[in-house]
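Reader: I would like to go through this model term by term, asking in each case what stands behind the word that is used.

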Amino acid sequence: GELEGADVADALIDVLNTEHAEARSEAGDQLQGLAFERFKEVALACERALERLDQDASPALLELPYLLVEVPEPGVVKLLGQFLESRDGDVVAAAIEV
C-alpha cells in the first residue's frame, strides 16, 4: 500500500480475489486505505477488475463494493453503478446493499 502506481491496486485486487481469508482481509484493508489516499488509482483498478475478472466466480467483485462505500469520494457512487451492471446477481446485490 505504500508503493504507487496502477500495479499496486491491481495486485491488491488480485489478492482479494483469492480464497485465502487472512490475505484477503489484509489486502482489503490496504486497498481501502489506498482508496482514501489515492482514490483515482483504486477506482481505475476497480474498473479494470470489472473487465478482466470472471464475473461469475470472483470473490473480489463481491467484496469491492463494501470497501468502496466507506471512502468519502463523490466518484464512489458512479463506480458502484458499474457493479450494478455485472451479470453476476451476487455482485449486483452487493452493490445494492451498500
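Reader: Where is Ser-86 found?

Author: Ser-86 is found in the loop between α5 and α6, where helices are DSSP runs of H or I with at least four residues, strands are runs of E with at least two, and both are numbered from the N terminus. This is a predicted model, in which local features need pLDDT of at least 70 and side-chain atom pairs count only at pLDDT 80 or more, while totals for chains, interfaces and linings use all residues. Residues are numbered from 1 along each chain as its sequence is written, and side-chain values use heavy atoms, with hydrogens and water left out.

Reader: Why does Ser-86 count as buried?

Author: Buried means under 20% relative accessible area, exposed means over 50%, and partly exposed lies in between, with a 1.4 Å probe and protein chains only. Ser-86 has 9% relative accessibility, and therefore counts as buried. Leaving aside neighbours within four places in sequence, Ser-86 is in contact (heavy atoms within 4.5 Å) with Gln-55, Val-91 and Val-92.

Reader: What does the side chain of Ser-86 reach?

Author: The side chain of Ser-86 reaches the backbone nitrogen of Asp-88 at 3.0 Å. Asp-88 in turn caps the N-terminal end of α6, with a side-chain oxygen 2.8 Å from the backbone nitrogen of Asp-90.

Reader: Which residues of α6 are buried, and what puts them on the same side of the helix?

Author: In α6, which spans residues 89-97, the buried residues are Val-91, Val-92, Ala-94 and Ala-95. They cover an arc of only 160 degrees around the axis, which is why they lie on the same side of α6; the arc is that of the directions from the helix axis to the C-beta atoms. The face turned away from this buried side carries the exposed residues Asp-90, Ile-96 and Glu-97, while what covers the buried residues includes α4 (59-68) and α5 (75-83).

Reader: Why is Tyr-66 called partly exposed?

Author: Tyr-66, which is found in helix α4, has a relative accessible area of 31%, and so is partly exposed. Leaving aside neighbours within four places in sequence, Tyr-66 is in contact with Gln-32, Ala-94, Glu-97 and Val-98.

Reader: What makes the pairing of the Tyr-66 and Glu-97 side chains a polar contact?

Author: A polar contact is a pair of N or O atoms within 3.5 Å; within protein, one must be able to donate a hydrogen and the other to accept it, and residues adjacent in sequence count only if both atoms are side-chain atoms. The side chains of Tyr-66 and Glu-97 make such a contact at 3.0 Å.

Reader: Why are α1 and α2 called roughly antiparallel?

Author: Helix α1 and helix α2 (residues 21-37) pack at an angle of about 150 degrees, with their axes 8 Å apart. Axes are lines fitted to C-alpha atoms, for helices over the stretch in contact, and angles run from 0 to 180 degrees between N-to-C directions. Angles under 35 degrees count as roughly parallel, over 145 as roughly antiparallel, 65 to 115 as roughly perpendicular and the rest as oblique, and α1 and α2 are therefore roughly antiparallel to each other.

Reader: How do you know that α3 and α5 are roughly parallel?

Author: The axes of helix α3 (residues 39-52) and α5 cross at roughly 10 degrees and come within 10 Å, and the two helices are therefore roughly parallel to each other. Among the residues that meet here are Phe-39 and Leu-50 in α3, and Leu-79 and Phe-83 in α5.
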